[in-house]
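Hi everyone, thanks for making time for this one. Have the sequence and the model open side by side, and follow along with me as we go through it.

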Amino acid sequence: MASIRFISSRIIQAGSRSKETDRIDLTPWDLKHLLVGYLQAGLLFHKPKLPEALIHHLQTSLSRTLDFFPPLAGRLATIEHEDKTTSFFIDCNNAGALFVHATAENVNISDIVEPVYVPETVDAVFQLDGVKNIEGTSKPLLAVQVTELVDGIFITCSANHSVVDGASFWHFFNSWSEISRGFDYLSRPPIFKRPLIDDIHYPIRIPLQKEHIQERFFQPGILKVRVFNFRKESIVRIKRKANAEMNTDKISSLQALLSLFWQSIMRNRQMDPNQETMIFLVIGVRQKLQQLPEEYFGNAIHNAEVSLKAGELVEKGLGNAAWEINQVVANHREENFINFVKWWVNSPLLFRTGPMMNNALLTGNSPRFDIYGNDFGWGRPIAMSHGAESKCDGLVTVSPGVEEGDIEIKVCLSPKTIQAMENDEDFIAALNI
């Protein structure tokens, strides 16, 4: 792996501490992430013409952006109750975000974007590996690393997943790039007001088992990460095929693409035809819960499971799997999300790290996020990547492509499975539909 040399590290505080936002309670959507790792994503740019003033400019613009996002300059705080439960909230105390400046002196942009598989060098441009969200009581809730390459620059963020989901993560990134370009105010100011749901009282109390808090992160074996780029025209054809097979027009582009990978991965894992296979979806709540605006800052995601026996998944075609996904998504309405929150408060369940089941896939990210629109003042990014916290066997990450209408799908799989997919005639044919 290429050597990364760290040049400096400092804490960046907001320029002015917000008096309106001192404390933000955590919702069930936030709390369930306490025992897993930070969200990590970053952007690769061509190097600006005048890089000597760049670090100071990014630090200054980050400070100004934190004025609008006080939670990211704060820390998690706890309240211990007599019934041995604990409540968590964000203390917007302006303790600050971490800013690290590093250099990879022998790494070029081509070393990052040209290999078939995402190089391990990328893992080193992120901070806070192996840190659980619950550690946000003492660790920064946001860590930025700016890594200079020979001809490029990586700007990456690691953000506490009990504070942000993917939509809020990219909302902050978008806002920072606006401030960096000279904006005095944000085009989309964040909204911190928590949803009001009957019978839910903040702060929420949860029992915590000490052994779960101290549990070490699961270390996966050797994995390969590859990005598949789908042009807009190919996506249209794949979506059309899935809809035609089911005589409908309701299957979305994303549902058709996820089905393509669900089928191929399970086929190349050589599953028993009678074994149940699963794909875990992330459903955005902002689009479905009336009281949550698009600018809501926090977690607003719901997890749903779609299952099919391996034989049916592989043999019944792309459309059948896509239709199953479509129906699960369509059947998740506002009442489902409210009922989940009420159930969770009475029976808190926290995600924990561990190996993925061989018959399951996990999805993440969204093609709706504005990723390639992040211009810090010297041009749009040329690539996006995630950190080591996003590595698990069976993770399928969906993002918008560089060109409008394109979609990137990143898969993290065992070398055996990913190599089998690359030799899978059915998969290759589907890519070329």
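Helix 2, residues 54–66, has 13 residues, and from its first C-alpha to its last it reaches 18 Å. That is close to the 18 Å expected at 1.5 Å a residue, where the expected span is 1.5 Å times one less than the number of residues. When I say helix or strand, I mean DSSP runs numbered from the N terminus: H or I of at least four residues for helices, E of at least two for strands.

A quick word on the ground rules. This is a predicted model, so local features need pLDDT of at least 70 and side-chain atom pairs count only at pLDDT 80 or more, while totals for chains, interfaces and linings use all residues. Residues are numbered from 1 along each chain as its sequence is written, and side-chain values use heavy atoms, with hydrogens and water left out.

Back to helix 2. Which of its residues are buried? They are Leu 54, Ile 55, Leu 58, Gln 59, Ser 61, Leu 62, Ser 63, Thr 65 and Leu 66. Buried here means under 20% relative accessible area, exposed means over 50%, and partly exposed is in between, using a 1.4 Å probe and protein chains only. The cover over those residues includes strand 1 (5–12), strand 6 (97–103), strand 7 (142–148), strand 8 (152–159) and helix 4 (166–180).

Two strands pair if DSSP finds at least two bridges between them. As a reminder, strands of a sheet pair through backbone hydrogen bonds, either parallel or antiparallel. Strand 3 (39–46) and strand 8 are paired in the antiparallel sense, over 8 bridges.

Now, how do the helices lie on the strands?

Contact means heavy atoms within 4.5 Å, and, not counting residues up to four places away in sequence, Leu 66 touches Ile 12, Gln 13, Ala 14, Leu 72, Ala 73, Ala 97, Leu 142 and Phe 172. The largest one has 112 residues, and Leu 66, Leu 142, Phe 230, Phe 261 and Trp 262 touch the most other members. Which helix gives the most to this core? Helix 7 (253–268) does, with 8 residues. The core also draws at least three residues from each of domain 1 (5–214) and domain 2 (224–432); the bounds come from an automatic or database domain assignment. There is a second, separate core of 14 residues, including Leu 44, Ala 102, Phe 154 and Ala 383.

Two members of that second core, Leu 44 and Ala 383, are also what Val 113 contacts beyond its neighbours within four places in sequence. Val 113 lies in helix 3 and counts as partly exposed, because its relative accessibility is 41%.

How far apart are the centres of the two domains? Taken over C-alpha atoms, 24 Å separate them, and the contact takes 75 residues from domain 1 and 59 residues from domain 2.

Last, some backbone spots worth a look. The peptide bond from Tyr 202 to Pro 203 is cis, with omega near 0 degrees, and Pro 203 lies in the loop between helix 4 and strand 9 (206–207). Tyr 202 is also among the contacts of Thr 27. Is Thr 27 buried or exposed? It counts as buried, because its relative accessibility is 1%.

Conventions: A nonpolar core is a set of buried Ala, Val, Leu, Ile, Met, Phe, Trp, Tyr and Cys residues joined through side-chain atoms within 4.5 Å.
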